[in-house]
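Dear colleague,

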Amino acid sequence: MTSQSIQSGTAPSSDQIRRAPKVLLHDHLDGGLRPGTVVDLARDGGYGQLPETEADKLGVWFREAADSGSLERYLETFSHTVGVMQTRAALVRVARECAEDLAEDGVVYAEVRYAPEQHLDGGLSLEEVVEAVNEGFREGERTARDNGHRIRVGALLTAMRHAARSLEIAELANRYRDQGVVGFDIAGAEAGFPPTRHLDAFEYLKRENNHFTIHAGEAFGLPSIWQALQWCGADRLGHGVRIIDDIEVAADGSVKLGRLASYVRDKRIPLELCPSSNLQTGAAASYAEHPIGLLRRLHFRATVNTDNRLMSGTSMSREFEHLVDAFGYTLDDLQWFSVNAMKSAFIPFDERLAMINDVIKPGYAELKSEWLFQQTASTRGSVVAED
Ligand SMILES: [Zn+2]
């Protein structure tokens with residue numbers, strides 16, 4: 001082993017992780033507000049139901065409520081964020097700040113999802129919701145650029161599993177596909193609401209050659225993943241973490257994949273894994289025990305995601321830090337996750353390739369070469385000291 005590979009194999013610092021170009025495919029707009037923004041918007045919009053009106057306390061409240069261990073309770077926290085996102089100005093602001101916060105954290109490409117049908121209480125139409133969020137993302141990309149960060153944000157339109165508007169939302173995603181919307185998603189509690197209820201939406205999107213992901217295999221196991229792939233035709237799995245139930249690890253360490261796990265790996269189906277979110281909903285007990293370790297070793301198309309930054313008190317850098325601590329990941333591993341995510345994005349192939357070759361790989365190469373210059377600096381420092 002050369003000294004360079006030894007050096008680049010050491011654990012990256014927090015600062016390097018923050019500067020590393022990161023790709024995020026699974027992030028909810030209504031799960032990523034700044035606590036101070038929730039307070040501002042509630043005050044301006046006359047929303048009187050916040051449990052706390054001080055930003056810091058409210059941030060803690062969100063994390064604690066989401067820590068309760070049940071997916072249903074976790075979803076409850078969204079009544080407040082969605083409650084303050086009912087006007088055009090509020091949506092523009094939340095989307096702008098989302099792009100700014102992600103860029104500040106070193107995310108270079110993000111697909112951020114939201115359910116337009118949940119933002120109609122203030123009288124907006126579905127189209128007005130989509131246009132407001134798009135405008136916010138474009139503003140955020142511009143302010144990020146002014147601050148020296150490059151980010152590109154695409155929207156995924158989500159339909160709610162328990163509602164009956166999925167075809168309408170799929171049509172909306174298709175109408176705006178060349179104007180900032182890159183795909184479609186189904187979200188909400190899995191229990192009792194299988195994705196097969198929304199087959200007409202998926203069939204419509206397939207006929208339109210459009211892309212979609214489905215929240216599956218988070219609270220529910222293999223049947224949910226199987227339905228999402230083999231009945232609905234999902235391009236990616238939102239979470240998909242329960243695919244681990246189809247993988248057997250013997251006492252001697254040998255691994256046997258079942259038919260579904262083999263299919264997911266063979267077909268390079270992207271898994272939008274969200275470690276901190278899984279810990280909060282009880283889908284995994286600790287970072288070290290999170291299936292992402294095994295899935296990465298077995299070369300599944302694993303990606304790392306934030307899910308809900310506010311509820312989990314997290315960011316892409318925090319997720320990477322937890323994984324570095326738990327699994328000893330190096331910059332090479334973080335690059336592998338980032339390239340995986342970029343390969344799995346819903347933007348055109350040539351753009352994904354350019355992001356990988358012109359942004360992600362050079363970014364990691366620069367970080368990986370830093371040790372060379374640090375050593376030169378310290379040698380030079382000691383020479384100067386002796387003089
Ligand atoms: Zn999610």
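**Overall fold**

In this chain, residues 24 or more positions apart make up 75% of the contacts with a separation of 6 or more, where two residues are in contact if their C-beta atoms, placed from the backbone, lie within 7 Å. Please keep in mind that this is a predicted model, in which local features need pLDDT of at least 70 and side-chain atom pairs count only at pLDDT 80 or more, while totals for chains, interfaces and linings use all residues. Residues are numbered from 1 along each chain as its sequence is written.

The chain has 387 residues, for which a compact globule would have a radius of gyration near 21 Å, and the value of 21 Å found here agrees with that; the radius is taken over C-alpha atoms, and the globule rule is 2.2 Å times the number of residues to the power 0.38. Along the principal axes, the C-alpha atoms fill a box of roughly 75 × 50 × 40 Å.

**The sheet**

The secondary structure comprises 19 helices and 10 strands, which are DSSP runs numbered from the N terminus (helices are H or I with at least four residues, strands are E with at least two). Eight strands form an open sheet in the order S1-S2-S3-S4-S5-S6-S9-S10, with parallel pairing, and two strands pair if DSSP finds at least two bridges between them. Strand S1 (22-28) and strand S10 (302-304) each have a single partner strand, so they stand at the edges with one side left without a neighbour in the sheet. From one strand to the next, the twist averages 25°, with axes fitted as lines to C-alpha atoms (for helices over the stretch in contact) and angles running from 0 to 180 degrees between N-to-C directions.

Strand S4 (residues 181-187) runs parallel to strand S5 (residues 212-216) and is joined to S5 by three bridges; Asp185 has Thr213 in S5 as its bridge partner. Helix H11 (residues 222-231) packs on the sheet, where H11 touches S5 and strand S6 (236-239) and makes about 165° with the direction of S5.

**A helix pair**

Helix H17 (residues 331-343) packs against helix H18 (residues 349-368) at an angle of about 170°, with their axes 10 Å apart. The two helices H17 and H18 are therefore roughly antiparallel, the word used for angles over 145 degrees. Among the residues that meet are Leu331 and Val339 in H17, and Met355 and Ile360 in H18.

Best wishes

Note on methods:
Angles under 35 degrees count as roughly parallel, over 145 as roughly antiparallel, 65 to 115 as roughly perpendicular and the rest as oblique.
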